[in-house]
Amino acid sequence: MLRVTRSNLSDGREILYFDTPDTPPRTAVDERALPTVRTESTMRRDPLTGQWSLFAAHRQNRTFLPPASEDPLAPTLPGSHPSEIPEADYQVVVFENRFPSLSIGAGHYPLHIDDEELFEQRPARGRCEVVCFTPRPDGSFADLSLERKRMLIDVWAHRTEELSRIQGVRAVFPFENRGEEIGVTLQHPHGQIYSYPFVPPRMAAIAEQTRIRPNLFDEVLEAELRPGQRIITRTQHFVAYTPVAAKWPVEVIVMPRRHAPDFAALTPEEREDLAGILHSLFPAMDRFFEGVERTPYIAAWNQAPVGQPEAGRLHLQLFSLMRSPHRMKYLAGSESGMGAWINDTTPETIAETFRRIWR
């Protein structure tokens, strides 16, 4: 059972400490005199595709690869540069992003651009959170203890439940970017959670497929398990596999056997099982390429749209844009222009490599 302590940073943003029950109370105060960040996030619908795009001009001057002495995600030690986390140590901390892509405080804007009914615009109301899962600046998700990974699953469940209750939120997306190749602007290991006021494209596409095939997830798992050539590992509650139509040079899906729309729906036994898989999967990601110590990746936790539990099943999509040691796959004409992916390997090769290096 986690103990949750809520506080506020000097500019009013909320910060939450997640601790084991025996942890001393969290009482530190943010002594910085931070100015309130005015967020002007908007979203506009593309009339050709029907998809929403976000605009957050206030993010242009956000923190970018600061020196180690100014790490904003480090604990605030006596005599050190004050950070976003006032305490001198922590287990898991979640706080509102200072430079959010979406904001509950987003203002009011004209419903149409240039008074053209075709050009829809809305305030991008949502919440963006930073998830700090280790006080060590040189650590990694792979290096976390099994217990800390298990704690993070409870944290993701807590935040999913709470963010889903925000009026207007239609999707909650926990994720982690790792590596400068991916575009990371802070080296300190951390993840993020976005809560969107719309259903993003991948989630919407999955929801549409489940409308056509109500038993889609069970059918996919059965079809992957029968031949087994893309299966990486299987446990009592989860299956890890490379999808038959993998887009990325390295890609793994981790999906529960039982229908669980989101983290909050997982049982304690399923959470333990999931933590065990992650404890093996992320170190394997770092062994995938010979001569590469830290494989750049995106860990994308897919969940069902808020209020539509039947339209999605929780699953991790872990993938890398690295196609061979130190060589990245760039999304060029076909991928960026048409959204038509061309993979430089095969799903069967990816899965076979993971099975070979699995521990």
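**Strand pairing**

I started with strand 10 (residues 231–234) and strand 11 (residues 238–241), which run antiparallel and are joined by 3 bridges. I keep in mind that this is a predicted model. The link between strand 10 and strand 11 is a hairpin through 3 residues. Which residue of strand 11 stands opposite Ile231? I found Tyr241 there.

**Asn302**

Next I looked up Asn302 and found its place in strand 13 (residues 297–302). Is Asn302 buried or exposed? I noted it as buried, because its relative accessibility is 11%, below the 20% cut-off.

Then I followed its side chain. The Asn302 side chain makes a polar contact with the side chain of Arg202 at 2.6 Å. The Asn302 side chain also reaches the backbone oxygen of Ala300, at 3.2 Å. Setting aside neighbours within four places in sequence, I listed the contacts of Asn302 as Arg202, Ile206, Arg313, Leu314, His315 and Gln317.

Cys128 is in no disulfide, and the nearest cysteine sulfur, that of Cys132, is 15 Å away.

Cys128 is buried, with a relative accessible area of 3%, and Cys132 counts as buried at 0% relative accessibility.

Note on methods
Residues are numbered from 1 along each chain as its sequence is written. This is a predicted model: local features need pLDDT of at least 70, side-chain atom pairs count only at pLDDT 80 or more; totals for chains, interfaces and linings use all residues. Side-chain values use heavy atoms; hydrogens and water are left out. A disulfide is a pair of cysteine sulfur atoms within 2.5 Å. Buried means under 20% relative accessible area, exposed over 50%, partly exposed in between (1.4 Å probe, protein chains only). Two strands pair if DSSP finds at least two bridges between them. Helices (H or I, at least four residues) and strands (E, at least two) are DSSP runs, numbered from the N terminus. A polar contact is a pair of N or O atoms within 3.5 Å; within protein, one must be able to donate a hydrogen and the other to accept it, and residues adjacent in sequence count only if both atoms are side-chain atoms. Contact means heavy atoms within 4.5 Å.
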